[in-house]
Amino acid sequence: ELVWGFEYYTDEIDSRRIRSDTETDESREVRGRFPDGSTMDSSAVYAANRWHWGRLNLDAGFRYSWFEIELPPTAEIEAVRLTPSDLTGDVHLNYELSPGMRLLANVGRGFRPPNIFDLGTLGSRPGNRFNVPNPDLGPDSVLSYDIGVKASRGRWQLEIYAWYADYRDKIASRFTGDITADGRLVVKSDNLNAATLYGIESGLRFLAGDHLEGYVVVNFTRGTEKDQDQSVPADRVPPLNGRLGVVYQPLDRLRLETYLDFASRQDRLSPRDAEDPRINPQGTPGWGTLNLLFGWQLLPALELGLRLQNLGDKSYREHGSGIDAAGRNVGAWIDYRF
């Protein structure tokens, strides 16, 4: 079973900034955050195939990508043109251990070329930083591995995966040693570090009856970043988190669901996290919210829904976010398929 193809994308950046004096009501155009007129084009060819032998399914594919990244000259930088390319791919294994139980494993390689944000972000940044561009920036790459089990027995459904990701030439911000006139640390992006991330993702569902089911999802991630001098926690790694819920469907067209979203405390911070004003230097406190969802299948092609979130009006912030989450929140939707 063979799938193949090609693709092409083109993107252009328009970047402008106007600074206004609220006392004099005067406005003037100043340098934008990115070099105006920057472009990033990409093209790729890819193929994937599937094989089946008895209990074993095997999927494998590859992709070769080309990029052309151009930044026009500005007062701060000369014109930049980069043309990175690379081969990526993955292999997926699915083996039936016994009826209702499968072993799954994946190996993959990816790479990410520097984008306009990496190459040409200009000016003030959070954490008392001032970013200058780096026209010599190269791509970073990752090797990823995961293995897991999916099982379905009677009323129980289970899936659990362990995963590991190894990043090389990771693009990170570094202090250049300079300080601006107003005291900001001058930084720029560079291919500095190696990072490893690993964790567990799991889910369990119990069908208590024809109209009632319960479920729980739990995820855990840990990461370490290394440079030439030291090993530190990776930045913005989420804490232990998950969801616990119950679904009641008294009628075929009516769905009622209550669920608890939760996250534990995260105080394992990278140096960048500790300096980021959006993150508490003592760590992000844990939290939990109670939520309700109602869904009504009015017609075969039309569904109406209502979601009530954070019923306890909990004040909390997701780790790495720059703003506090919403308090009590109401959302409605209409889903029509045609």
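How many helices and strands does the protein chain have? There are 2 helices and 20 strands, where helices (H or I, at least four residues) and strands (E, at least two) are DSSP runs, numbered from the N terminus. Keep in mind that this is a predicted model, in which local features need pLDDT of at least 70 and side-chain atom pairs count only at pLDDT 80 or more, while totals for chains, interfaces and linings use all residues. Residues are numbered from 1 along each chain as its sequence is written, and side-chain values use heavy atoms, with hydrogens and water left out.

Let's start with the whole chain. Its C-alpha atoms fill a box of roughly 70 × 55 × 50 Å along the principal axes.

The accessible surface is about 20700 Å², with 54% belonging to carbon and sulfur atoms; areas come from the Shrake-Rupley method with a 1.4 Å probe, and for residues only the protein chains shown count as cover.

Two surface patches are worth a stop. Like charges are joined within 9 Å, and nonpolar side chains (Val, Leu, Ile, Met, Phe, Trp, Tyr) within 5 Å. The nonpolar patch covers about 650 Å² and is made by W156, L158, I160, I200, L204, F206, F220 and L240. Strands β12 (156-179) and β13 (185-207) each supply at least two of its residues. I160 lies in β12 and counts as partly exposed because its relative accessibility is 40%.

The other patch is negative, gathering E12, D14, E29 and D36; Asp and Glu count as negative, Lys and Arg as positive, with His and the chain ends not counted. D36 sits in the loop between β3 (26-30) and β4 (39-53), and at 36% relative accessible area D36 is partly exposed.

T224 is buried because its relative accessible area is 16%. Leaving aside residues up to four places away in sequence, T224 touches A194, A195, T196, S231, V232, P233, A234 and R268.

Notes. Patches are made of residues with over 30% relative accessible area and no salt bridge: like charges are joined within 9 Å, nonpolar side chains (Val, Leu, Ile, Met, Phe, Trp, Tyr) within 5 Å. A salt bridge is a side-chain nitrogen of Lys or Arg within 4 Å of a carboxyl oxygen of Asp or Glu. Buried means under 20% relative accessible area, exposed over 50%, partly exposed in between (1.4 Å probe, protein chains only). Contact means heavy atoms within 4.5 Å. The place of a charge is taken as NZ of Lys, CZ of Arg, CG of Asp or CD of Glu.
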